[in-house]
Amino acid sequence: MTITTNQATVAIGDQLVGEGQPVYVIGEIGINHNGDVELAQRLIDVAAEAGAQAVKFQKRTPEISTPPDQRDKLRQTPWGEMTYLDYKKRVELGRAEYEKIAEHAADRGLHWFASPWDVPSVAFLEQLDVPVHKVASASVTDLELLRALAETGKPIILSTGMSTIEQIDRAVETLGTDRLILMHATSTYPLPPEEANLRSIQTLRERYGVPVGYSGHERGLQISLAAVALGAVTVERHITLDRTMWGSDHASSLEPTGLQHLIRDIRILQDAMGDGVKRVFPGELAPMSRLRRVEG
């Protein structure tokens, strides 16, 4: 695959994402709201108070997006035993709930958007005028979905977990590169360090010539911070009020204090990375005059 573009930045709403811009931090709420719009609003507050720029949800049409062999499997839930399909319906938010989410996110100064898992969900999100669409790693090979997303003309963030380079090639060819941000990801929950493979950030950037970020599912902060040091222009982490809450993603999510520390440290790293030009800084002048014996 030959890529000729070299897209330095992509505009998401009123913010530029890419090289030379502040790291765009996304609080992934996903389905950690457990179908409760008030819990979703509390998680928006967590993201805003920590200094994130966006929150992200997941939008499904359960009858379409739930694999047929999984639909009738029984699952224990806080609402009793139910089939996996009924569980997916139970935690899905509708138009009225998302209008409340959109209003609350705007009030808190955040972008909100979602990963649509099927074509009708793309139309649903377009009606709510989200500023960007996110492709979940599980959807990299769903070319029908990718074509529908490309037709919106909106920026696209594409996660690349559980995907080969050939599958990513096809996805990028389908989406185009004009408004594309890639996210390096490994879809292991929680992510062990030996599967993080952070050098893939550089691989993706060199191969596709687009901004590259990092979507993390690890416990702790170190791997996400290392991703920023390696050039990730956006970082996405699942967030929760409490990692012991019921649900598939809570255990690998950041609690409020963890998100605050992550964003604090990302901003410190941004300042520390510098521009790569070796020079004497003002703070070195006094030590130099005191310590250097021979002038060069």
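## Helix packing

Axes are lines fitted to C-alpha atoms, for helices over the stretch in contact, and the angles between N-to-C directions run from 0 to 180 degrees. Two packed helices are described by the angle between their axes and the distance between the axes. In this predicted model, local features need pLDDT of at least 70 and side-chain atom pairs count only at pLDDT 80 or more, while totals for chains, interfaces and linings use all residues. Residues are numbered from 1 along each chain as its sequence is written, and side-chain values use heavy atoms, with hydrogens and water left out.

Helix α9 (residues 222–229) packs with α10 at an angle of about 25°, the axes being 10 Å apart. Helices (H or I, at least four residues) and strands (E, at least two) are DSSP runs, numbered from the N terminus. The two helices α9 and α10 are therefore roughly parallel to each other; angles under 35 degrees count as roughly parallel, over 145 as roughly antiparallel, 65 to 115 as roughly perpendicular and the rest as oblique. The crossing of α9 past α10 is right-handed. A crossing is right-handed if the near helix is turned clockwise from the far one by less than a right angle, and left-handed if anticlockwise.

Helix α10 (residues 256–273) also meets helix α1 (residues 37–50): their axes come within 9 Å and cross at roughly 30°. That makes α1 roughly parallel to α10. Here too the crossing, α1 past α10, is right-handed.

## Annotated domain

The UniProt annotation "domain: PseI/NeuA/B-like", from an unreviewed entry, covers residues 43–278. UniProt positions are given in the numbering used here, feature names are shortened, and annotations may be inferred rather than shown by experiment. Over residues 43–278, the chain is 41% helix and 18% strand. The end C-alpha atoms of this stretch are 42 Å apart.

## Aromatic pairs and cluster

Rings of Phe, Tyr and Trp (its six-membered ring) pair if their centres lie within 6.5 Å; planes under 30 degrees apart count as stacked, over 60 as edge-to-face and the rest as tilted. By this rule the count comes to five aromatic pairs. One of them is F57 with Y98, an edge-to-face pair at 5.7 Å centre to centre with 85° between the planes. This pair links distant parts of the chain, with F57 in strand β4 (residues 54–59) and Y98 in helix α4 (residues 95–107), 41 residues apart. F57 counts as buried at 0% relative accessibility, and Y98 is buried with a relative accessible area of 0%. Buried means under 20% relative accessible area, exposed over 50%, and partly exposed in between (1.4 Å probe, protein chains only).

F57 also pairs with W112 in an edge-to-face arrangement, 6.2 Å centre to centre and 80° between the planes. W112 lies in strand β7 (residues 111–116) and F57 in strand β4, so the pair ties together parts that are 55 residues apart in sequence. Both F57 and W112 are buried. One aromatic cluster is formed by F57, Y98, W112 and F124.

## Charges over rings

A charge sits over a ring if NZ of Lys or CZ of Arg is within 6 Å of the ring centre and within 35 degrees of the ring normal. The charged end of K59 sits over the ring of F124, a member of the aromatic cluster. The distance to the ring centre is 4.5 Å. R75 places its charged end over the ring of Y87, 4.5 Å from the centre.

## Backbone features in loops

Y189 and P190 are joined by a cis peptide bond with omega of about -15°. P190 lies in the loop between β10 (180–185) and α8 (200–208).

N34, a residue other than glycine, has a positive phi near 55°. N34 is in the loop between β3 (24–30) and α1 and counts as buried at 14% relative accessibility. M162 is likewise not a glycine and has a positive phi of about 50°. The loop that holds M162 runs between β9 (156–159) and α7 (165–175), and at 58% relative accessibility M162 counts as exposed.

## Selected separations

A229 lies in helix α9 and counts as partly exposed at 34% relative accessibility.

L110 is in the loop between α4 and β7 and counts as buried at 7% relative accessibility. L110 and T257 are 147 residues apart in sequence and 19 Å apart in space, C-alpha to C-alpha.
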